[in-house]
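Work through the exercises below with the sequence and the model open beside you. Try each task before you read its solution.

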Amino acid sequence: MRAQAANGWVNEWGAPVGGAFLVHVAVAVLASVTLVMPIRQVIVEPAIIDAEVIDVRVIEAEARRLRERHAAEQRAAAMTKARTVERELAAAAAVAAGQAEARRAREAELAKARLAQLKREREASAQLTREIDLKQSLAAEERRTKALRSGAMAKYMEAIRQKVVRNWIKPAVLPANLACVVAVEQLPTGDVVKAEVVSCNGDDTVRRSIESAVLRASPLPQPSDRALWDRRIEFIFKPGSTK
């Protein structure tokens, strides 16, 4: 057991321990603690802070690199898609152009074939028209020949002459045996368009009187056979003749 001396403490071996000694020990302990603790803080804490700063910077750099990489990949993907779309559009345009060209070629061939067909039809129609006209002309000529042989033409000319004579105003002076060839242009109805004395043994007064008579006789008599009709006819004007 420790015993307390008159002026201090006595240790277990009976050695006295004074108050000054205890004070010195306490001061030494406090000094050591004071010296050790700040050093530990200075040495340990900055290392932890630096490590944290380094880790944050690395993480931020890695995140930034990942973002940039992702953005670059997106741009590359967008460019690839744009090029793909552009190629598809170009291919579609080429196909459309080819189809349009083929369609125009087919239309041109169809138009050419149709034109050739129309040309053949027109030529065939023209040939048929010529054949019909020729047949009609031959038939009319044949009828005209038959009518002439039958004396129908002579009767037709005599009917015209008689009507002109009935509408003739005789001049005061007439030559003996007056005979004039008169040319007449007429319509299918017999209406006179023009009358002209081609040859005559009378003077100008006689000629003009005959031409006036033809105009007054319009419309002229029609032939019994239509094949005898002609736009321009000539007949012999003889006022005293019965033929």
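**Exercise 1. How many bridges join β4 to β5, and do these strands run parallel or antiparallel?**

Solution. Seven bridges join β4 to β5, and the two run antiparallel; strands count as paired if DSSP finds at least two bridges between them. Next, look at the connection: β4 and β5 form a hairpin with five residues between them, and G190 in the turn has a positive phi of about 95°.

Before going on, note that this is a predicted model, in which local features need pLDDT of at least 70 and side-chain atom pairs count only at pLDDT 80 or more, whereas totals for chains, interfaces and linings use all residues. Residues are numbered from 1 along each chain as its sequence is written, and side-chain values use heavy atoms, with hydrogens and water left out.

**Exercise 2. Find the order of the strands in the open sheet of three strands.**

Solution. Within β6, F235 is the bridge partner of V182, while E234 is the bridge partner of A183. The order of the open sheet is therefore β5-β4-β6, with antiparallel pairing. The edge strands are β5 and β6, each of which pairs on one side only. Neighbouring strands of this sheet are turned by 25° against each other on average, direction ignored.

**Exercise 3. Which parts of the chain does the disulfide tie together?**

Solution. A search of the whole structure finds one disulfide, a term that stands for a pair of cysteine sulfur atoms within 2.5 Å. C180 and C200 form it, with their sulfur atoms 1.9 Å apart. Because C180 lies in strand β4 (residues 180–186) and C200 in strand β5 (residues 192–200), the pair ties together parts that are 20 residues apart in sequence. C200 is also the bridge partner of C180 in β5. Finally, check the accessibility, where buried means under 20% relative accessible area, exposed over 50% and partly exposed in between (1.4 Å probe, protein chains only): C180, at 1%, counts as buried, and C200, at 16%, counts as buried too.

**Exercise 4. Which residues have the most contacts inside the largest nonpolar core?**

Solution. A nonpolar core is a set of buried Ala, Val, Leu, Ile, Met, Phe, Trp, Tyr and Cys residues joined through side-chain atoms within 4.5 Å. The largest one has 27 residues, and those with the most contacts inside it are I210, F235 and F237. At least two residues of this core come from each of α2, β4, β5, α3 and β6, and α2 gives the most, with six residues. Take F237 as an example: leaving out residues up to four places away in sequence, its contacts (heavy atoms within 4.5 Å) include R161, W168, C180 and I210.

**Exercise 5. Where in the protein chain is confidence lowest, and where is it highest?**

Solution. The mean for the protein chain is 82, and 77% of its residues reach 70 or more. Confidence is lowest in strand β1 (residues 3–4), at a mean of 46, and highest in β4, at 97. Over residues 38–43 the pLDDT is below 50, and this stretch has three contacts in the model beyond near neighbours in sequence. Where pLDDT is low, the predicted coordinates should not be read in detail.

Methods:
Helix = DSSP H or I, 4+ residues; strand = E, 2+ residues; numbered from the N terminus. pLDDT = per-residue confidence, 0-100. Axes fitted to C-alpha atoms, helices over the stretch in contact; angles between N-to-C directions.
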